[in-house]
Amino acid sequence: MMFDGFKFYGSATVGTKGQIVIPASARDEMKLKEGDKLIVVRNPRGCVMMLMKAETLEEMIEGMQTKLGMVIESAKELKENSKNLNKGKE
């Protein structure tokens with residue numbers, strides 16, 4: 001079932017050792033296999049927990065670093081262009 005972009009896979013029960021079983025349909029769609037590392041995060045209010053493949057988080061961070069580098073370069077260019085325009089007005 002989908003709700004506002006979120007998909008509901010079912011429920012999981014926390015066992016005596018704190019372990020949960022991720023529903024098979026979620027494991028299949030996420031291509032999870034034994035030994036995969038998952039990152040566990042929660043929202044600021046503490047009412048939602050998410051699991052994310054560690055490699056996915058790494059890819060997201062690398063992408064953000066690339067985009068941030070592009071923004072920094074653009075800001076430098078704008079600053080330089082602004083200096084050149086101001087020099088021309090003198």
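Is lysine 53 buried or exposed? I looked this up at the outset, in what is a predicted model. Lysine 53 has a relative accessibility of 11% and therefore counts as buried, the cut-off for that class being under 20%.

**Entry 1: partners of lysine 53.** I turned next to the contacts of this side chain. Lysine 53 meets aspartate 36 in a salt bridge, with an N to O distance of 4.0 Å. Aspartate 36 belongs to the loop between H1 and S3, whereas lysine 53 sits in strand S4, so the pair ties together parts that lie 17 residues apart in sequence. I noted aspartate 36 as partly exposed, because its relative accessibility is 23%. Glutamate 55 also forms a salt bridge with lysine 53, and here the closest N and O atoms are 4.0 Å apart. For glutamate 55 I recorded a relative accessible area of 44%, which means that this residue is partly exposed. Through shared partners, salt bridges join Lys33, Asp36, Lys53 and Glu55 into one network.

**Entry 2: a further salt bridge.** I then asked how many salt bridges the structure holds. The count is five. One of them is formed by the side chains of lysine 7 and glutamate 29, with 2.5 Å from N to O. This pair links distant parts of the chain: lysine 7 is in strand S2 (residues 6–7) and glutamate 29 in helix H1 (residues 24–29), 22 residues apart. I checked the exposure of each partner. Lysine 7, at 37% relative accessibility, counts as partly exposed. Glutamate 29 is likewise partly exposed, with a relative accessible area of 44%.

**Entry 3: the nonpolar surface.** Which residues form a nonpolar patch on the surface? I listed Val14, Ile20, Leu38, Val40, Met49 and Leu51. Together these residues have about 550 Å² of accessible area. I looked up which strands each supply at least two residues of the patch, and found strand S3 (38–42) and strand S4 (49–53). I took leucine 51 as an example from the patch. Leucine 51 is found in strand S4, and its relative accessibility of 37% makes it partly exposed. Patch members need over 30% relative accessible area, and leucine 51 has 37%.

Entry 4: Leucine 51 is partly exposed and contributes to the nonpolar patch.

Definitions and conventions. Residues are numbered from 1 along each chain as its sequence is written. This is a predicted model: local features need pLDDT of at least 70, side-chain atom pairs count only at pLDDT 80 or more; totals for chains, interfaces and linings use all residues. Side-chain values use heavy atoms; hydrogens and water are left out. Patches are made of residues with over 30% relative accessible area and no salt bridge: like charges are joined within 9 Å, nonpolar side chains (Val, Leu, Ile, Met, Phe, Trp, Tyr) within 5 Å. Accessible areas come from the Shrake-Rupley method with a 1.4 Å probe; for residues, only the protein chains shown count as cover. Helices (H or I, at least four residues) and strands (E, at least two) are DSSP runs, numbered from the N terminus. Buried means under 20% relative accessible area, exposed over 50%, partly exposed in between (1.4 Å probe, protein chains only).
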